[in-house]
Amino acid sequence: VKSEDEKIVFDDILVGEVWLCSGQSNMAWLLGNSNGAEEFLAKAESKNIRLYDMKPRVVTDDVMWDSTELVRLNSHDYYIPTKWQKMNKENAAAFSAIASHFGAMLADSLDVPVGLICNAVGGAPIEAYIDRKTMEHHNVLVDILMNWKRNDFVQDWVRGRAEKNIKNSSNPLQRHPYEPCYLFEAGISPIASYPIKGVIWYQGESNAHNVELYAVQFPVLVDSWRRAWGNDDMPFHFVQLSSINRPSWPHFRDVQRCFVSTIDNCHMAVSSDKGDPVDVHPRDKKPIGERLARIALYYDYDFKHIVPEGPAVQNAKESSGLVNICFENGDGMHTSDGKELRGFELADESDIFYAADNVSIEGNVIKLSSEKVKNPVKVRYAWQPYTTANLVNGEELPASTFVIEISK
């Protein structure tokens, strides 16, 4: 760009696809700490990917923050200043593992540059990412704003960690990244004018104590961000919570499954087959990032030759003493480990579930029954906090946790 008196040269300018990668610690989880990192990092510089990594100034570990950081938080100065960087071995290792694998599959498939903005904060509850006006005008969510550090709507772990972090503050209005609306104000609003293709999201662990409330919060989050970007149909794809021995998680996963049918242009990657019974941070992130990429390629880039997701339950009907469960994306259904199908249960009007003892696969249909349930009215699958359920389709993509009623 030049005038009579001056010339300004811009180089390394790319035109491509940009995605925002957000949520809590499983989205923030570093590539360098994940399975298979060495193989990816060896080829990182060859990827046509740019990274914009919005790292927090202080992480929400179990520590008390000093006065400098507390003052910065009150002025929304929470993220370390950053800039776009070309992916290389060093910065990829310190970037989101899921975002990296997602971006790599997009770049390879689309053959265009891909930009990844990572804005993910460990432990963050969903309410921290929703804008204040939306919260204030919502008949349920407005109550979360009231004395949030003493509010049961907010998970007790979240409140306890925030109290520990800000213990050195004498300011009664001290801010914290877990505070409702804070991360929207400090991290989402400042970038909302930047054009993006869509969002990938991995969050929920810090809201799993209140499944019914999350069923309200997540659609509000999606609407909040779509308004912020001025795009009512902006793709918003998310990771279903994984497996761990925490009692509410099967119900939570099923609520997440239902978002796909109630929110337009919103799709889900199943991760329960890659969980850990005691670790909330499973290390096998590559399959999850690539499952998100499959979804984006199919729904947002019209790659209709690929299978975007695992078997998705459609309905269940009883016929001749057997319950027949029909699945979409079920071509080639089989078990992931070559063993008998696991994870299916039936219940009658008592609502007590028993494991199915006669289960078979016929095309896109699972047929099952149970000697202990003579008049089944419900069927569920993978309804254990840490599940070893093993149904996959021909692309080795897993089926989601679900519970549905059986029609006669």
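**Notes on pockets and packing**

1. The largest pocket has 32 lining residues, and those nearest its centre are Ser25, Ala28, Val121, Gly122 and Gly123. Its volume is about 660 Å³. Helix 1 (25–28), strand 4 (114–120) and helix 7 (156–165) are the elements that give two or more residues to this lining. By class, the lining has 16 nonpolar, ten polar and six charged residues. Nonpolar here means Ala, Val, Leu, Ile, Met, Phe, Trp, Tyr, Cys and Pro; charged means Asp, Glu, Lys and Arg; the others, Gly among them, are polar.

2. On provenance: this is a predicted model, in which local features need pLDDT of at least 70 and side-chain atom pairs count only at pLDDT 80 or more, while totals for chains, interfaces and linings use all residues. Residues are numbered from 1 along each chain as its sequence is written, and side-chain values use heavy atoms, with hydrogens and water left out.

3. On terms: the search uses a 1 Å grid over the protein atoms alone; a cavity is a set of points where a 1.4 Å probe fits but cannot get out, a pocket is an open set with protein on both sides within 12 Å along at least five of seven lines, and lining residues have an atom within 4 Å of a point. Grid points are joined across faces, edges and corners, and a volume is the space filled by probe spheres set on the points. Helices (H or I, at least four residues) and strands (E, at least two) are DSSP runs, numbered from the N terminus.

4. The second largest pocket holds about 510 Å³ of space. Of its 24 lining residues, Val260, Glu309, Ala312, Glu328 and Asn329 lie nearest the centre. Two or more lining residues come from each of helix 10, strand 7 (266–269), helix 11 (286–300) and strand 8 (312–319). The lining divides into 14 nonpolar, six polar and four charged residues.

5. How many cavities of 30 Å³ or more does a search of the whole structure find? It finds one. The volume of the largest cavity is about 40 Å³. Tyr202, Ser242, Ser271, Lys274, Pro282, Asp284, Lys285 and Ile288 line it, a set with three nonpolar, two polar and three charged residues.

6. Helix 5 (residues 97–110) packs on helix 11 at an angle of about 45 degrees, with the axes 7 Å apart. Axes are lines fitted to C-alpha atoms, for helices over the stretch in contact, and angles run from 0 to 180 degrees between N-to-C directions. The two helices are therefore oblique to each other (under 35 degrees is roughly parallel, over 145 roughly antiparallel, 65 to 115 roughly perpendicular, and the rest oblique). The contact (heavy atoms within 4.5 Å) includes Phe102, Met105 and Leu106 of helix 5 and Ile288, Leu292 and Leu297 of helix 11. By class, the contact has ten nonpolar, three polar and three charged residues.

7. The axes of helix 9 (residues 211–229) and helix 10 (residues 249–262) come within 10 Å and cross at roughly 25 degrees. Helix 9 and helix 10 are therefore roughly parallel to each other. Among the residues making the contact are Tyr214, Phe218 and Pro219 of helix 9 and Phe252, Val255 and Phe259 of helix 10. Eight nonpolar, one polar and one charged residues form this contact.

8. Glu17 is in strand 1 (residues 17–23). Glu17 and Leu110 are 93 residues apart in sequence and 9.2 Å apart in space, C-alpha to C-alpha. Not counting residues up to four places away in sequence, Glu17 touches Leu110, Val112, Pro113, Val114, Gly115, Lys197 and Tyr301.
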